[in-house]
Amino acid sequence: MRPFARWPGTPLVALSLVAALPGCGHRGDPLPPLRHTPPGLAEFRFAQRGNALEVSLLAPAASVDGIAYERVVVEIQYAEGENDLDKAGSRREVLAFARQRVVETLPLPAPGTIARAAARGLVGREKGQRTLTMALVAQPEVAAPSELRARLAAGGVRLDWSGDEPVPVDAAVKPPVRPGMPPVPGAPGAPHPGPPGSPPAAGAAPEPRTPEAEAPKPEAEPRSPEAQPAGAKATPQASAGTAESAGPGTKPKVVELRKAGFFLYRRLGTESYRLPLSQQPLAERHTTDATAPESATACYVVRAAASVDPLVESAASNEVCVEVRDIEPPASPGGLAVLPREGGLEVVWTPSPESDVAGYRVYREGPAEPLRKVADVEAGRSAWLDTSARAGVVYLYTVTALDRAGNESPEAPKAEGSLP
């Protein structure tokens with residue numbers, strides 16, 4: 001064993017103390033400090049609503065490394081025409097709490113003007129990643145719906161409104177045609193391709209024919225516009241349509257998505273309006289919200305949409321609010337029978353199949369005795385003994401079911417009985 005070595009002049013006691021110092025417990029390089037950099041902003045949207053442009057987004061709750069925010073600054077960039085956002089765009093900073101929905105309105109330019117917007121988060125000197133730039137072509141103001149009405153119905157909240165059906169507009173920004181580059185199909189100035197097999201436009205070079213082009217094309221499946229009810233599972237939007245699978249071995253059904261219609265918005269309590277209840281605009285001026293939770297105050301507005309992507313909407317209609325509660329009665333009991341027993345007539349029935357039944361109500365009718373309630377029976381029981389029945393008198397009985405909201409079912413078919 002080699003003897004303990006030490007530097008010349010270093011006391012042995014000092015070396016012993018250094019050797020006895022505890023380690024940090026971490027192996028490898030030290031960890032870098034956590035970053036305060038904001039993440040990309042969620043739910044960023046840019047739309048035309050009424051006589052203004054609107055930017056909406058969700059403020060982040062924590063940095064990219066998980067440091068919780070109390071507040072964060074949101075920077076909104078906006079430009080008109082072909083102006084570059086960084087060089088010629090205007091900026092607006094908004095202070096927001098964590099997870100707060102930020103909604104900022106911008107002036108609406110003249111119809112036909114291109115408008116662009118983007119946003120990012122700022123914390124101190126840290127800048128978050130900027131959102132993708134969204135753009136639209138400003139349109140004339142869309143007429144707003146009116147006379148929105150709401151009432152409770154058996155299937156949920158029934159809503160009706162008035163207003164003109166919006167005319168579809170094309171608010172998408174087309175790619176510019178640059179000198180020396182072939183025009184993009186669909187862009188301004190680009191020749192329309194025309195139907196297959198038609199002669200090329202004047203001045204256009206004929207397309208080369210390939211064996212695939214010569215092969216007969218299968219007929220396209222007809223597209224049928226189908227409405228998606230409010231509150232249903234959202235369907236991804238597309239300009240041409242979406243394919244719905246009908247099962248293995250069958251052709252997918254293509255559903256044409258509407259480009260204009262009405263969007264219904266709902267908020268609960270003190271919440272703010274966010275997304276419409278259906279991603280597909282409604283064609284009719286009425287719908288039923290079957291997803292409103294019971295015991296909540298649901299408020300609604302409706303907007304007319306002349307374009308879905310990008311979104312061009314009217315101002316909101318009048319707001320209506322309703323206290324949501326169950327008004328649908330449960331199913332009636334069945335199998336009603338009246339059996340003579342010692343001490344009275346026993347009324348028996350088959351329980352209602354509803355899961356929210358809170359009890360049953362027994363009614364009796366007799367000679368010179370109108371139909372009246374004679375008993376309330378708690379849920380879980382399906383029989384009741386009428387000890388007040390008199391011998392030799394024929395009685396008619398019926399039973400109803402009551403749910404927890406107090407709704408009463410229709411009467412079960414009557415059954416008669418008497419004591420000997």
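A residue is termed buried when its relative accessible area is under 20%, exposed when over 50%, and partly exposed in between (1.4 Å probe, protein chains only). By this criterion Val377 is buried, because its relative accessible area is 4%. The structure is a predicted model, in which local features need pLDDT of at least 70 and side-chain atom pairs count only at pLDDT 80 or more, whereas totals for chains, interfaces and linings use all residues. Residues are numbered from 1 along each chain as its sequence is written, and side-chain values use heavy atoms, with hydrogens and water left out.

The secondary structure of the chain consists of three helices and 24 strands, where helices (H or I, at least four residues) and strands (E, at least two) are DSSP runs numbered from the N terminus. The chain has 420 residues, and 35% of them are buried. Its accessible surface amounts to about 25,500 Å², with 55% belonging to carbon and sulfur atoms; accessible areas come from the Shrake-Rupley method with a 1.4 Å probe, and for residues only the protein chains shown count as cover. A contact is defined by heavy atoms within 4.5 Å. Of the contacts in the chain between residues at least 6 apart in sequence, 64% join residues at least 24 apart.

Two antiparallel sheets are described here. Strands of a sheet pair through backbone hydrogen bonds, either parallel or antiparallel. Two strands are taken to pair if DSSP finds at least two bridges between them. An open sheet is formed by three strands in the order E9-E10-E14, with antiparallel pairing. Its edge strands are E9 and E14, each of which pairs on one side only. Neighbouring strands of this sheet are turned by 20° against each other on average, direction ignored; axes are lines fitted to C-alpha atoms, for helices over the stretch in contact, and angles run from 0 to 180 degrees between N-to-C directions. Strand E9 (residues 146-153) pairs with strand E10 (residues 156-162) over six bridges, and E9 and E10 form a hairpin with two residues between them. Within this pairing, Ser146 stands opposite Ser162, and Arg149 has Asp160 as its bridge partner.

Strand E23 (residues 395-403) is joined to E24 by three bridges, and Tyr395 stands opposite Gly417 in E24.

Val377 is located in strand E21 (residues 369-378). Leaving aside its neighbours within four places in sequence, Val377 is in contact with Trp349, Gly359, Tyr360, Val362, Ala383 and Trp384. Val377 and Leu402 are separated by 25 residues in sequence and by 9.8 Å in space, C-alpha to C-alpha.

Three aromatic pairs are found in the structure; rings of Phe, Tyr and Trp (its six-membered ring) pair if their centres lie within 6.5 Å, and planes under 30 degrees apart count as stacked, over 60 as edge-to-face and the rest as tilted. One of these pairs, Trp349 with Tyr360, is tilted, with 5.5 Å centre to centre and 55° between the planes. This pair links distant parts of the chain, Trp349 being in strand E19 (residues 344-350) and Tyr360 in strand E20 (residues 357-366), 11 residues apart. Both Trp349 and Tyr360 are buried.

Ser352 lies in the loop between E19 and E20 and counts as buried because its relative accessible area is 8%. Residues up to four places away in sequence not being counted, Ser352 touches Pro330, Ala331, Ser332, Pro333, Val357, Tyr360 and Ala401.

Asp386 is placed in strand E22 (residues 383-386) and is likewise buried, because its relative accessibility is 2%. A polar contact of 2.8 Å joins the side chains of Asp386 and Ser388, the term denoting a pair of N or O atoms within 3.5 Å; within protein, one must be able to donate a hydrogen and the other to accept it, and residues adjacent in sequence count only if both atoms are side-chain atoms. Beyond its neighbours within four places in sequence, Asp386 is in contact with Gly343, Gly344, Leu345, Arg364 and Tyr397.
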